[in-house]
Amino acid sequence: MVSERQLEAIKGAKVLMVGAGGIGCELLKTLALSGFQDIHIIDMDTIEVSNLNRQFLFRQSHVGQSKAKVARDAVLKFRPQMSITAHHANVKDPKFNVEFFKQFNVVLNGLDNLDARRHVNRLCLAADVPLVESGTTGFLGQVTVHVKGKTECYECQPKPAPKTYPVCTITSTPSKFVHCIVWAKDLLFAKLFGDKNQENDLNVRSSDASSSAHAEDVFVRRKDEDIDQYGRRIYDHVFGYNIEVASSNEETWKNRNRPKPIYSADVMPENLTEQNGNVAKNCVVDTSSVSAMASLGLKNPQDTWTLLESSRIFLEALKLFFAKREKEIGNLSFDKDDQLAVEFVTAAANIRAASFGISLHSLFEAKGIAGNIVHAVATTNAIIAGLIVIEAIKVLLKDTDKYRMTYCLEHITKKMLLMPVEPYEPNKSCYVCSETPLSLEINTSRSKLRDFVEKIVKAKLGINFPLIMHGSNLLYEVGDDLDEVEVANYAANLEKVLSQLPSPVTNGTMLTVEDLQQELTCNINIKHREEFDEEKEPDGMLLSGWTQAPPAKDDKQSMNDKQSIGNGGDSSNALQTEPADAVKDGEMEEISEPSGKKRKLSEGSKASILDATDGTRNHKEVEKLDDDDDDDDDVVMFDDLDSMTNKKKRLQ
């Protein structure tokens, strides 16, 4: 039963809920039934068919509409006296600034990506508003409480790094099906249908190519070349000739099973290609309905295709892309919701797997791997939503001693499925809430300011609208109030080597990086270093004080060792197995494994804790590995920019 004190706190609270997806729907319902009266919801997503199996406030008729607005309308039908304000917008929009956050008593997160989480965490710190974080992945879930000065902030603990594999493993020595998926998605699909100007590690030289540097790119369709001929030529090159080249290295295969080249004529005769679907060109078509499986009469996505079926799907999908979606070729990137793209990648991965003696997989399985999908469990979302409300009430009552980080486990541990844990104290070395200086080793004579901005400031520190200073000298900033001369000067600075900037950055320099929207300031001590290990330090720089968690382990690990894909920068000599941001359908972002040394487990529990995260998307990820629908055209407005920049010398 709710006490009179709790009821008073609930009715007087103003709550901000970020995310109206899997957790968000359950959370809004639970908040309403618990007596909360004033709720704001922020979500920029629209409803998709795949949401309907668990996001119960939505119906088929709502597909394409705003999640935040439909969720509000659904709850108002059974709680019409409530005040619910829906914002169909990006939580990173400048209107959601520190002043906006200050009006709330508590913020409840249901997000699915690191950047948006970090952004909300920093705004809550700046506004001194408590934050309750949450997440689910399958049967696992968590709720964590973050109160400035009393518990750790969201960024006090490192997040798992994206799992990567060296390019040589992907291109030459795959041993797992995920290697074949990455090859098909990030190399072959990108080469055939993506940006032709992007570097790609696929061998483009055919067996009859000359030694000339201007030898023909085998992936370029020849003038007047029949689509069936082109498809077979691509097939024979990537699954036949390239495999022959790879298998010719005796040293490589001394202790491995040598791959078997596969040529189209060996799998399917010429007339079988002609039996593939007849495609009418120049007809208006819904691209989402274009399917190679449908053309060939294959219906069950959970059936594992044979090599012959995979080969037919491969050629049919290629034909359909050129016949039905030719205008998109050159601009396509893999999207797990693109049926034809998933069919092509699955078929290509299966053919490559067959060549290397790896088990073939169904379209359903391949889509899960390619899209980083952990299928959501509605019950987990409901449990986590209830726990969020319990912690929110404690926060409103300021019952600091009763705060708990609660973890929902898949298997019973110490007779518990819900594991309550006392929160960490703030991490004194956290650069976000403790403002501890960071240290960056970098070659100041070779690295440009652009490298620093893209690889460190944005990718690692999550600063979206950076302002970079050396002392009182401004080296770079972003803002809509800059005049043309300033924009040109900052653009020119980006292309300059650090040591050649107007205010040179050399060994011992202290740079100050700010994000005025997040009200975050970070100091970075620069240490010049001549050489870096290209394999271990591909970025050519090393950030200390900011801790990156280790990448995920292999698939056969125990539950307590599980870590799935987190977030971070992609490297030049490694490929990510999954996109950097979490997927909408899978509602999973990263799993980490806190050590537990600083935490006291509640009575009788000393098991390992999993950090799972889930929610609904509110922000487009920086990396291009995931094809998001989110708008990334945000322009930040700095209300106090003039007063701040008066104190700073702008370098011309």
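**Entry 1: E2 and E3.** Strand E2 (residues 38-42) runs parallel to E3, and five bridges join the pair. For my own record, two strands pair if DSSP finds at least two bridges between them. Helices (H or I, at least four residues) and strands (E, at least two) are DSSP runs, numbered from the N terminus. This is a predicted model, where local features need pLDDT of at least 70 and side-chain atom pairs pLDDT 80 or more, while totals for chains, interfaces and linings use all residues. Residues are numbered from 1 along each chain as its sequence is written, and side-chain values use heavy atoms, with hydrogens and water left out.

I then followed the chain from E2 through helix H3 (residues 67-76) to E3, which gives a right-handed β-α-β unit. Right-handed here says that, with the strands pointing away from the viewer, the path from the first strand over the helix to the second runs clockwise.

**Entry 2: the whole sheet.** In what order do the eight strands of the open sheet lie? I read E3-E2-E1-E4-E5-E6-E9-E10, with mixed pairing. Strand E3 (83-87) and strand E10 (416-421) are the edges, each pairing on one side only. From one strand to the next, the twist averages 20 degrees.

**Entry 3: E5, E6 and H5.** Strand E5 (residues 131-137) and strand E6 (residues 140-146) are antiparallel partners over seven bridges. I noted Thr 137 bridging to Leu 140 in E6. Helix H5 (residues 114-127) lies across strand E4 (106-109) and E5, at about 165 degrees to E5. Axes are lines fitted to C-alpha atoms, for helices over the stretch in contact, and angles run from 0 to 180 degrees between N-to-C directions.

**Entry 4: Asn 350.** Leaving out residues up to four places away in sequence, Asn 350 touches Phe 177, Trp 305, Ser 310, Leu 360 and His 361; contact is heavy atoms within 4.5 Å.

**Entry 5: cysteines.** I counted zero disulfides, a disulfide being a pair of cysteine sulfur atoms within 2.5 Å. Cys 153 is in none, and the nearest cysteine sulfur, that of Cys 156, is 3.8 Å away. Cys 153 is buried at 3% relative accessible area, and Cys 25 is buried at 1%.

Definitions and conventions
Buried < 20%, exposed > 50% of the residue type's maximum accessible area, 1.4 Å probe, protein only.
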